[in-house]
Each structure stands twice: as structure tokens, then as C-alpha cells.
Amino acid sequence: MIKLRKLLIVLLMLFVSANLVVPLTPIESAVGDYVTASTKVNPTEILVGDETEVTLNIKGTPPVNVVKPNDVILIIDRSGSMGTEKMNAAKDSAKGFIDLMDFTKHRVGIVDYSDTISSTELTTDTQSVKAYIDTLRASGQTNTGDAIQRATELLATHRTDAQPVIVLLTDGEATGTGDGLNAFDYTLKKANEAKDAGIVFYTIALLNSNADPETSAPNILLKNMATTAHHHHFVLGSVGLADIYRAIVQEIGLASAYDIVVTAVVNNAFEIVPGSYDKNIPKPTVNGNTLTWSFLELKNDNLQFTYKVRHKSDRVAGTYPVTTSSSNITYKDYAGSNKQYTIPSANVVVKYPAPIITLVNPSKGHISGNEEVTITGENFLPDPRVRFGGASAKNVTYISDTEVRVTTPSVKQGNTTVTLTNTDNQSATADFGFYAQPEVSSLTPDKGPVSGGTRLIINGKHFLSGVKVKVGDNYSQNVTYHSSTYLFAVTPEVEQPGLVDVTIENPDGTELILPNAFTYEPLPSVELLSVSPNEGVVTGGTIVTLTGKLFNNTSKVYFNDVEASSVAYNDNTRITAKTPAWAQPETVDVKVVNRDGTESVLQQAFTYTEPPAPSAPLISTLSPSNGALTGGTIVYVDGKFFVSGAKIVIGGTETVDANYVSSTRVTFRTPAWSTPETVDITVVNPDGQSHTLPGSYTYNPPPERPAPTLRG
């Protein structure tokens, strides 16, 4: 508390030194505007019949070095709810307020109240007033209305050159009633009477620390009692109370204007929204389209008033100033001269709601036009413009704000946009389609295999991008759109050959069916025409050449159901194969099967025969043709028709195995023989056939021994 008092003394010295400055020339009418204003709207654009909020900002700029004397009554609540802590804070703050006042210009008096009212007269004797404040104690009820009445009576005798001021501090709801009114209304009535008497009214709400200022009944009451919003303050608990008193005392005597009347005349294209101005301090009086705020003084402050206006539904759209040029602020300056300031307006752009199309019926029309279409929706204005793509509709007839009827123009085929544009150039769109039945002048080729893949060339008109082509019951999976007169389609695969319809389907639902326009033909099949040679032995291995059509490198060859080996593909008309061995001589079918399962059978095309009987062996020469009796000579027998397993017979009696070299040579080793002689040689094949070469081999006699010789 000691530190606070030291601070207050310093502030007092600063305040006193500032307030000692007085005008150096006699007071005369001020030059220039000490009050200015601006108007804003939010939003700046609204729809017909909608609302916008208007904010009127009033700026006060006090003249330099001009202080008007004030007679000030401090109304201090000493009811029981104040308690010791808040009561002491109130007393200290009030005394600090007095310490800061310039009593060369101002006077002060006290009204203290609970359920009783006490007071002091206006004075410049600070010590007596402060001593009186020290005697205050908290008890009793809160009879605020009567306290205001006492203060008003004391200020009735204020100095003629002084501004009467009330500074009211209270912490609770008013309890005193009167004039047949409840406490709230009675207290507010007394505050209004004081203001009507020319008294500037400051209010300070001393709220509980946990109170909500927006819903607090004492705070709401005191706000409505204050001269303007700037003249009302509140604190939670008692923290900051001294600062509020200090701020008030620093502006006492300093004002931009007095006896202010603010008049806002709303443009007759709008109406004022009732109740939208109720939170203004002070609350305006409203008469028709005119709002009037009256208050006693404007400080160095920005004062803000808000209200709402609603565009009248019977007025057209456009750009309007929200207020008229009759809107002004009248006031008195510090010299008492009457002044006026014209409040500038702000523009509001009022638009019709943008049109909305909810239905176009029908949603498509023929390209030749001249069909009636009904457009249904919202917010249509008379005399709209309607276009289908780039073409204007004909016979546009406005039925109501929800219906317009038009006649379609002639437009090229396809999807487009219907656009309805109101006279304010706002528009709405919807989808619309112009159709024509597709036409076909030619379709080539008109036949193809069941395997599909035939490329159809279709000429005509009114084809659309995204067109589908159905051949029989199946859609082509490969359609190429070139133009509205020309397209390609590849035929799909089908199971059965025959005539089928061709259907052209546009994406807009139009179609054309061409009956029996395409013939599916059977697939060309492999065909076997001949087999050469057409016979062979049952042992197999005969190389045969097959001729025909559509052979390929996967073709297989069968003799009846037995597959041939060594099939060689020459070209699509010729293959070769090796005949399989067969059990018995007979004539069989020959069959060619391709990988795709197609086959061709040439019946009774090949005959199996018995192989010819083998020839008897034939000896032509032996080498050597003689040998020793002891045998062991290797003899080469040359000739033909020799067979493996053949035997050699020597001299008709001795048989040995032949060593088979080939069909033209065998060898054998001679056996020992008993006597020198020439013998026959016979070759006997395993089948018993033989050949003898008579006298063809000679066993030589043994060499003679030399005659004995005598040695002497």
C-alpha cells in the first residue's frame, strides 16, 4: 500500500504539471474537426432480403492544452458485500483519485451508500474529503438508485463553467427500488435522469474474481448507466482498481466534444433490424430508419456503435450507400461553439441469389431443334437469356422464379451445356444432349472368320466419340472413332458361323441395328490330299511325302491312331514322315492334326506289305584261296546277300562260324585238315539259303623235308 501511494504521488505531480498549462489566448471557436467518423459494413455483399452489420466508428481528438473544469461526485458503495478487503481497496483508490486531481480547476464531493445515503458537498478541501473517506465501513444493502439521486441533487448547483461528473463504484446488484420499479430499472432510470441533466457518468463494476463480465448482472447494469462504453470499467476482485481511477482522473476535463448527437439515417432500400443495436452504450433511439445516439462528452477515444440493416425484399438489387448524406454528428467544441460533421457512408452490394437449375426436361433433344424444354430451378429473374452451348434458345418464356420454358435451337450432335443467365449476369448451368439416330451407308467387309479379327470399315453419319459396335451378341473390343461419319471396328470371336446383326450404339443412347449385315464363316482347316509312296513294308521306316493345305510346323501325322516319327515341315502344303512298324499287312488311314485341333483324314491312303524274301548268298571270290593243313588261315569271302549269323561249310563236312563284316563280305578261320586237297566252300545264311563255290580252297601238302647229308 505504501508503494502504491508513492506511485500515486509521482503520477499526481505529472498530472498537475500537465494540467497547469492553460490556453494562452482567450477561448474562441475551435478550428477543424475534433470529431470524425467512418462507416463499415460486413459483409459488403449480400443477397436480396439479407442482412449486413453496420459499424460506425467515431474518433475524438481533444484540443491541445485545453482543460475544462469538472465538478466530480464519487459514489462509493459501502454495502456489506464490499467486505473489508474491497472496502479498503475502494477507499485507497478514491483517495488516490483525489490526490491526482487538479483542484485549481476541479472540485470533488462524496456520496457513500448502503441502505442509507451519506454525502459531502463539492469542495477543493482534499484533506477533509479524504478524512471522510477513511470513516467509511461496509454494511447494509445496495441502494444504488437513491445514491445516484443524491449525487444528481448535489451536482444541480455545479459551477456554470464546469462539467458535472459522477464516478460510481459498486460491487453488487442494486437492491433499492422506487417509483414503482424494480431495483434494476429504478437504478437505470436514476442514471438516465442524471445524464439527461447533463452529467457525465462513469461506472466501475467491482466484480468477484471468478465472475463472467458478459453475464454479470451488476456489470450489465453499470454498462447501461455509463455515458458511453468508454466511460464504463470493471475489475475482477480488486486488482487494478487504482489504475482505473487513475485513468479516469487523467482524462477529467479533457474532451474532444460535448453534447454529442450522432444521427445515422439508413438508406430507404434497407430497414433497421430490431434489437441489433441493444448492446451499444448508449443505446440509440430508433425512429423509422433513423438511429440517434446522444451523450454528453467524447474523450480521446474511438467509440464504436453497431447495428444491422436488412435489405427490403421489394427493392431491386444494386449498389447502395448504407446511410444517406443526412447522417451527421452535431456537437459543441471546448469553446461551446456548435459543430457538425457529415458521416461518410459505406456501400453495400446487394445481389440477387444466383440462379440454380435443378431439372431440364427433357434432358436431350434432336439436333434439328424446335423442341420445347422446361427449365426448373430457383432464383430465376424475368427476361433471362438461355443458351445451348454457343447457340441461343428461341422463344424464352419466363413463367416464374422457378420455371422458364424455351425452344431448342439447331445444334450439332453431342453433349453440351444449357446456360440460364439472369439480367444481373449471374448464371446457372446444366447438362443437355443433342441427338440424332446414327446412319450407316456402308459396312465392309461383310464377312469374316468365326475366329474374329475382321476389321470392319463403317461409313455413315451421326457417330459419337465413345460409340460401341456389337456384332451379333458380342461387342467389339476394338472400336476406333475417326469422325461422325467414319469408324473402324474389329469383329469379336464367335463359336458358330452364320449371319448376324450389326448394332451401332452411341453413348447418348441412340442406336442403329443393321439386320444380317455380317456373315461369320467357318475357319479354313488343314486338308490332306495325297501320300507318296502309298505303300511300304510292315517293318516301317518308309519315308512318305504328304501334300495338302494349311500344314504348319506343329502338324502331327498318324497312321490310323499310331503317330509317325521324324515329321519334317517343308511348307504349308508339304510335310514328310517315317512310317511306323505295323503288325500285319493291311491298308490304313493317314491323318494330319494341327495344334489348333483341326485335322484332315485321307482314308485308305497307305498299304502295309510283307517284305520280299531275302536273296540266297552268292560267293564271288576267296582270299587267300589256299592254306596249310594245320589250319588257322584267315580267309576273306566276298560276294553279296550275306547275313549276320551265316555259317561256313568246308569240304561239305566241316562247319565254322562266319565273322559278318557286311552283306558283301564275311571271314572265317580255316580248320586243320587231314590231307592235302582242294575243297568246296559254302556260305549258309540263317534262313538256310546257301551258295557253294566249288574247288575254291586248297589245303597245301606239308613242305618236303630236305634229303639228309653226310658230313665227314
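Is Phe606 buried or exposed? In this predicted model, Phe606 has a relative accessibility of 0%, so it counts as buried. Tyr608 is likewise buried, at a relative accessible area of 1%.

Across the whole structure, a search finds 16 aromatic pairs. One of them joins Phe97 and Tyr245 edge-to-face, with 5.7 Å between centres and 70° between planes. Phe97 belongs to helix α2 (residues 83–100) and Tyr245 to helix α7 (residues 241–251), so the pair links parts of the chain that are 148 residues apart. Both Phe97 and Tyr245 are buried. The rings of Phe606 and Tyr608 are also edge-to-face, because their planes stand at 80°, with the centres 5.2 Å apart. Elsewhere, ring pairs connect Trp293, Phe295, Phe305 and Tyr307 into a cluster.

The charged end of Lys468 sits over Tyr475, 5.7 Å from the ring centre, and Lys591 lies over the face of Tyr558 at 5.2 Å.

Now to the helices. In α6 (residues 217–225), Pro218, Asn219, Leu221, Leu222 and Met225 are buried. These residues lie on the same side of α6, because they cover an arc of only 165° around the axis. They pack against α4 (144–155), β7 (163–170), α5 (183–196), β8 (200–207) and β9 (232–236).

The buried residues of α5, among them Ala183, Tyr186 and Leu188, pack against α4, β7, β8, α6 and β13 (290–298). Just after α5, Gly198 has a positive phi of about 90°.

Note on methods
Residues numbered from 1 in each chain as written. Predicted model: local features only at pLDDT ≥ 70, side-chain atom pairs only at ≥ 80, totals over all residues. Heavy atoms only, no water. Buried < 20%, exposed > 50% of the residue type's maximum accessible area, 1.4 Å probe, protein only. Helix = DSSP H or I, 4+ residues; strand = E, 2+ residues; numbered from the N terminus. Arc of directions from axis to C-beta. Contact = heavy atoms within 4.5 Å. Phe/Tyr/Trp six-rings, centres within 6.5 Å; stacked < 30°, edge-to-face > 60°. Lys NZ or Arg CZ within 6 Å of the ring centre and 35° of its normal.
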